[in-house]
Each structure stands twice: as structure tokens, then as C-alpha cells.
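Have the structure open while you read.

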Amino acid sequence: SVVAPLAAIAGPGSIVDKETYSVFGSPGFARRLQNSGTDTLIFSGVETDVCVYASVLDAVDAGYRVILAEDALGSGDMKAHAMVTEILVPRLSEQIEILSTEAILDLWRD
């Protein structure tokens with residue numbers, strides 16, 4: 001579920017409840033992105049090495065520009081988290097960027 005401050009500002013129909021590791025397994029999610037003209041996805045969340053990474057790989061496969069909010073990711077296993085952010089993601093540097101939330105917000109404002 002979404003924390004209350006974010007739920008309060010989410011637009012109608014913008015919250016997706018997922019039942020699979022990847023958000024792309026949620027019925028209609030990919031179609032919603034296509035219909036909205038979205039070309040970039042920014043990921044934050046917990047279990048960097050499981051759900052976030054599964055979603056990121058599906059996003060890359062679907063052709064989206066992917067940004068990971070480095071300081072808005074976490075995991076119960078910090079070694080696995082580091083493996084994703086320090087080893088696996090850099091191998092896909094053409095498809096995935098890692099930025100701080102501050103840098104993302106600065107780019108968003110420009």
C-alpha cells in the first residue's frame with residue numbers, strides 16, 4: 001500500500017496494487033503506461049534485489065528509460081541491495097540511471 005502523504009496526492013486511478021514481483025505483472029499496468037505516453041519510469045521502493053529489480057528489468061525490456069532513486073531504495077539484505085546498485089545496474093548503464101532524489105527533483109523542475 002501507499003503511505004498516506006503520497007496517497008493523498010495520487011491522481012485517480014494512479015495507484016497500482018501488485019501481486020507479483022514486477023509491477024508489470026499487474027493487469028493493465030503496461031497498457032496504462034502506453035496510453036499515457038510515458039517514456040521514463042523512476043523507481044523507488046523496498047527490496048531492491050527482488051521486486052524493484054524485477055520491475056526494472058521488465059521496464060528495460062519494454063523500452064522505457066529507467067531511473068533508480070538511489071536514496072529511496074532499500075532491502076532487508078544490504079549485500080543483495082549493494083549487488084544490484086553497485087554491480088548489476090551499472091552493467092545496464094545504457095538503459096538504467098541511478099540518481100539521488102535531489103537530482104531527480106532538480107531535473108524535474110528544469
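## Helix packing and charged pairs

In H3, the buried residues are Thr 48, Cys 51, Val 52, Tyr 53, Ser 55, Val 56, Ala 59 and Val 60. Buried here means under 20% relative accessible area, exposed means over 50%, and partly exposed is in between (1.4 Å probe, protein chains only). Helices (H or I, at least four residues) and strands (E, at least two) are DSSP runs, numbered from the N terminus.

Before going on, some bookkeeping: this is a predicted model, where local features need pLDDT of at least 70 and side-chain atom pairs count only at pLDDT 80 or more, while totals for chains, interfaces and linings use all residues. Residues are numbered from 1 along each chain as its sequence is written, and side-chain values use heavy atoms, with hydrogens and water left out.

Back to H3: the cover over its buried residues includes strand S1 (40–46), S2, H4 and S3. Just after H3, Gly 63 takes a positive phi of about 90 degrees.

Now for H4, residues 78–88, where Ala 80, His 81, Val 84 and Thr 85 are buried. Looking down the axis of H4, these buried residues fall within an arc of 125 degrees (taken from the directions from the helix axis to the C-beta atoms), so they line one face of the helix. Met 78, Lys 79 and Glu 86 sit on the other side of H4 and are exposed. The buried residues of H4 pack against helix H3 (48–61), strand S2 (65–74) and strand S3 (96–99), with contact meaning heavy atoms within 4.5 Å.

What caps the N-terminal end of H4? That's Asp 77, with a side-chain oxygen 3.0 Å from the backbone nitrogen of Lys 79. The rule for a polar contact is a pair of N or O atoms within 3.5 Å; within protein, one must be able to donate a hydrogen and the other to accept it, and residues adjacent in sequence count only if both atoms are side-chain atoms.

Thr 85, in helix H4, counts as buried because its relative accessibility is 12%. Leaving out residues up to four places away in sequence, Thr 85 touches Thr 48, Leu 73, Pro 90 and Ile 98.

On to the charged pairs. Side chains of opposite charge can pair when their charged atoms come close. With a salt bridge defined as a side-chain nitrogen of Lys or Arg within 4 Å of a carboxyl oxygen of Asp or Glu, the count comes to 2 salt bridges.

| Salt bridge | N to O distance |
|---|---|
| Arg 65 and Glu 97 | 2.9 Å |
| Arg 109 and Asp 106 | 3.2 Å |

For the pair Arg 65 and Glu 97, Arg 65 lies in strand S2 and Glu 97 in strand S3, so the bridge ties together parts that are 32 residues apart in sequence. Arg 65 is partly exposed at 40% relative accessible area, and Glu 97 is partly exposed at 30%. Arg 109 and Asp 106 both lie in helix H5 (residues 101–109), 3 residues apart, about one turn of the helix. Arg 109 is exposed at 62%, whereas Asp 106 is partly exposed at 37%.

Last stop is a loop residue. Glu 47, in the loop between S1 and H3, is partly exposed with a relative accessible area of 30%. Not counting residues up to four places away in sequence, Glu 47 touches Val 52, Gly 74, Ser 75 and Gly 76.
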